[in-house]
Amino acid sequence: MPNTHDSHVLLITSVYLDGRAPMLDPAVPVPVHHILQAAGAGGHLPEDVRSQLAELGYQVPTSGELAAVPDDAMKLVSYDLDGASPWIKTHFAPRMRAYILWAAAQLERPPVELAAAYVALGFPVRDPERFPASVDEVDEDALVLVSDRLSGEWPWYEETEPATLRGRILWAAARLEEPPAEIAARYARLGYRTPGLGSPPERVSRRDRLLASDYVDGRAPWLGDDAVVPLSQILTIVDRAEDDTKETEETAARAVRACRDLTGLGYRVEPGVAEVTADDLVLISQEMNGAPPWLDQDEPVPVGHVLCFAQKHGRNPNALVIRLSRLGYRHLPKGSLADHVDADALALAGYTRTTWEGDKQAWLEQDGPGWFPHVLKTAARTGIPPAEVMDRLRALGYRIPEVTLPSTVSAEDVRLVNRSFDDDNGQWLDLTGPVPTTHVLRAAHARGVPVSAVLSRLAELGCARLPAVPDRTVTEDDLQLISTDGQASYNWLEDTVPYGRVLHACATTGRSVHEIADRYRELGYTDIVLPDTALSVSVSEDDLLLFRLGTDEWVPHWPGVDEEIPLGHILLRASIEAVAPAEIGRRLRALGFRNLPAALPDTPFPGDPVLVSQNRRPTGPWLDPADTVSTDHIWGASRELGVSAYDVADRLLALGYTLPFTLRAEDRLILSLNADGSAPWLGASGLGHTLLAAKVLGRTPAEIITRKTVLGFPRHDLPEPAGFDAEDILVLSEGLDSRAPWLDRDTTPTLLHVLRAARATGRSPQETAVRLARLGHEVTLPVSVRLDDIPLLEALGRNGRDLEIAHVLGIASSTGRSPAEVAASLTALGYAVPDAAFPTARPVTPRA
């Protein structure tokens with residue numbers, strides 16, 4: 001692992017050279033370009049970076065390999081070909097071909113030679129041998145083609161996977177008003193793998209572009225070059241690119257036309273799709289009416305749909321499956337279906353499904369657990385024995401297992417195998433799975449019969465894995481005990497009784513833990529884990545909030561004795577009760593919980609829930625303690641709580657979280673605007689803060705910038721001059737007191753600030769302007785500017801550059817100058833003053 005105390009190490013081992021994750025993988029060789037870029041970013045020699053990475057255990061090129069790179073390699077690895085940030089990184093790979101072509105034009109070098117150079121530097125370049133041999137191929141028209149918006153400028157065209165170049169060729173041909181064949185040939189000369197265009201038109205129409213676009217809107221994303229265009233896409237084209245029609249025959253004809261036109265553009269369609277008929281459209285429409293919605297080609301085709309169509313139209317279901325396959329459907333009914341469909345038998349396979357649009361016809365799945373409740377409901381509704389229902393469904397092609405069911409079933413039996421005791425909705429018991437103890441007890445209470453009667457009927461209905469529940473009459477008190485909230489409402493325990501639910505029962509009944517556990521065992525529950533020793537404290541209803549987990553007001557989540565109590569939950573309770581997290585931990589341990597976070601500070605901090613919340617709100621979801629907290633989260637929490645990012649980071653460490661950097665004591669000073677370790681805290685800041693922090697800590701400004709980058713700030717390069725002094729700090733502070741607030745980076749200071757800075761430093765305005773320019777703040781001074789202009793500018797305040805007569809008179813009155821003098825001075829300073837005959841007399845100062 002990199003030494004997180006060394007900001008330079010963090011810089012050169014970070015993938016994006018910003019000192020932050022993601023970091024280089026020691027198992028993956030470090031490419032040459034990363035070493036060059038790290039050297040450029042940190043102001044070091046490439047060989048020094050290479051040696052340091054090798055010492056850290058990274059796989060690096062040899063000294064000889066590094067020495068063999070061309071002299072202009074540093075230019076090549078920078079995006080602007082200037083040897084400086086921003087750098088080209090591997091995620092740029094899909095745009096590399098277009099970028100290399102642009103770089104070849106800028107450097108006047110053969111593209112194929114340049115592509116080989118980028119490969120040698122470790123960049124992933126697709127088909128480097130296919131680049132043009134001569135830079136003459138990369139003219140202005142070529143750069144237009146390889147730019148994303150056909151502008152000839154960045155951003156460059158991104159080669160997608162799978163390839164979609166055919167659609168782009170058609171789009172470019174339409175935009176440039178050239179034949180698509182000529183556009184394709186030009187892409188091929190530039191090294192792109194151009195797809196076949198079939199028999200393209202001389203001029204690309206709007207319809208051609210609609211056909212080639214994935215969303216049928218004439219824009220990217222485009223259809224895949226080599227993918228088969230599915231029937232669903234054809235029907236979308238008919239729906240969006242054609243005039244509206246409700247005639248099935250016309251829809252089919254337009255679908256055939258779309259297939260023909262797509263083939264002419266070089267796309268492939270299924271053979272059966274190219275000859276789709278009106279009968280096919282009726283078959284694939286969900287309502288069997290030849291209109292949308294269509295059967296989803298990514299979902300299984302319901303066997304009931306095939307059987308229903310066959311019955312209505314006198315067709316063989318197996319022939320229909322073959323036809324659906326030719327139309328591109330891949331998830332089809334399995335095995336052999338009935339050759340002839342009887343209407344009465346088909347009625348046994350269907351049921352009514354209630355949706356927000358109303359009742360819909362639905363079909364039993366060909367195989368799956370849904371057959372069991374379906375058979376029971378069908379038999380109860382029709383009076384047909386379950387065995388006969390299953391035989392008739394098997395004859396249709398349904399895959400129903402051979403099981404023995406009672407000869408007659410009732411609606412009561414249907415409700416018995418429903419977990420919600422409903423006739424239709426809810427979850428159903430699985431014949432192959434265990435029947436929950438809670439289900440048996442609730443069923444006995446609902447039917448008003450002993451537990452033994454419920455177990456007996458479930459066995460007759462085919463449930464083999466029944467719980468060992470003692471025979472008893474289930475009371476209302478029993479129901480309350482087996483419900484999650486103790487109210488016997490709608491949420492119930494599973495076969496495991498969590499320890500938290502035991503404590504809840506203790507608090508609400510006044511009984512001991514072992515008494516409650518015995519009650520559960522009497523009801524048939526066996527999975528109850530208790531603490532090894534008896535509790536030394538009683539459980540009150542106030543204690544329940546300590547271990548009631550989850551956010552659902554009506555459905556509490558009670559933890560087991562060994563279940564982890566989330567750190568976020570503990571911190572939230574500590575914040576609400578205004579106590580230290582350690583105090584909440586002590587109370588939870590006293591109640592018997594054994595799996596608590598190790599890091600629970602003894603000092604309270606009301607903002608803890610915000611610190612560990614993913615959304616930086618005093619609620620979950622909580623950060624995962626196993627993950628490294630991002631700098632973005634640290635800064636977001638700092639802003640939300642109005643505290644220093646240093647305090648946020650320090651508290652997160654105390655809570656057991658890992659930071660993307662090692663916190664240093666000096667960071668408190670770096671993160672304060674006045675470099676004194678106190679508020680106001682650092683947000684965006686200019687160069688003045690960097691220089692002040694460097695002076696206070698005895699570091700170089702470059703070291704402060706690197707450290708700020710590690711702490712999450714964007715990296716900003718220092719101005720060219722290497723030397724800075726205390727006077728620089730003074731002129732960069734807005735109050736000219738070497739304290740915050742600071743001039744924002746790359747801004748133009750006001751003329752008043754320049755003059756005040758000149759007065760404060762004893763320098764001329766021109767010298768001060770040059771100094772500020774050297775520090776990154778461009779200033780243009782009027783020729784006749786003087787320090788005497790300060791009172792004028794102070795009196796002017798925030799008025800704009802277009803002044804009125806009243807402004808001139810007011811400034812004259814406040815400065816003791818004549819209006820004519822004020823007007824002349826302001827005009828010389830670049831202000832627009834009304835053309836008026838201003839008085840030359842100065843205002844009279846009243847006698848005291």
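Helices here are DSSP runs of H or I with at least four residues, strands are E runs of at least two, and both are numbered from the N terminus. The model is predicted, so local features need pLDDT of at least 70 and side-chain atom pairs count only at pLDDT 80 or more, while totals for chains, interfaces and linings use all residues. Residues are numbered from 1 along each chain as its sequence is written, and side-chain values use heavy atoms, with hydrogens and water left out.

**Helix H6**

- H6 covers residues 96–107, 12 residues in all, and reaches 16 Å from its first C-alpha to its last.
- That is close to the 16 Å expected at 1.5 Å a residue, where the expected span is 1.5 Å times one less than the number of residues.
- Nine of the 12 residues of H6 are buried, so the helix is largely enclosed by the rest of the structure.
- Buried here means under 20% relative accessible area, exposed means over 50%, and partly exposed is in between, using a 1.4 Å probe and protein chains only.
- The buried residues of H6 are Met96, Arg97, Ala98, Tyr99, Ile100, Leu101, Trp102, Ala103 and Ala104.
- Those buried residues pack against helix H5 (73–76), H7 and H8, with contact taken as heavy atoms within 4.5 Å.

- Ser85 and Pro86 are joined by a cis peptide bond, with omega about 5 degrees, and Pro86 sits in the loop between H5 and H6.
- There's also a cis peptide bond between Trp154 and Pro155, where omega is about 0 degrees; Pro155 belongs to the loop between H8 and helix H9 (165–176).
- Glu177 isn't a glycine, yet has a positive phi of about 55 degrees.
- You'll find Glu177 in the loop between H9 and H10, and at 60% relative accessibility Glu177 counts as exposed.
- Ala578, also not a glycine, has a positive phi of about 55 degrees.
- Ala578 is in the loop between helix H28 (567–577) and helix H29 (581–590), and counts as exposed at 64% relative accessibility.

**Salt bridges**

- Side chains of opposite charge can pair when their charged atoms come close.
- Searching the whole structure turns up 51 salt bridges, each defined as a side-chain nitrogen of Lys or Arg within 4 Å of a carboxyl oxygen of Asp or Glu.
- One of them pairs the side chains of Arg193 and Asp127, at 2.5 Å from N to O.
- This pair links distant parts of the chain, 66 residues apart: Arg193 is in the loop between helix H10 (180–189) and helix H11 (206–212), and Asp127 is in the loop between helix H7 (111–120) and helix H8 (140–146).
- Arg193 is partly exposed at 48% relative accessible area, whereas Asp127 counts as buried at 12%.
- Glu182 and Arg189 also meet through their side chains in a salt bridge, at 3.7 Å from N to O.
- Arg392 is partly exposed, at 25% relative accessible area, and Asp342 is partly exposed at 36%.
- Salt bridges with shared partners tie Asp725, Glu727, Asp728, Arg763, Arg771 and Arg774 into one network.

**Around Arg519**

- Arg519 is part of helix H26 (residues 513–522).
- The side chains of Arg519 and Asp478 are joined by a polar contact of 3.0 Å.
- A polar contact is a pair of N or O atoms within 3.5 Å; within protein, one must be able to donate a hydrogen and the other to accept it, and residues adjacent in sequence count only if both atoms are side-chain atoms.
- Leaving aside residues up to four places away in sequence, Arg519 touches Asp477, Asp478, Leu481 and Arg511.
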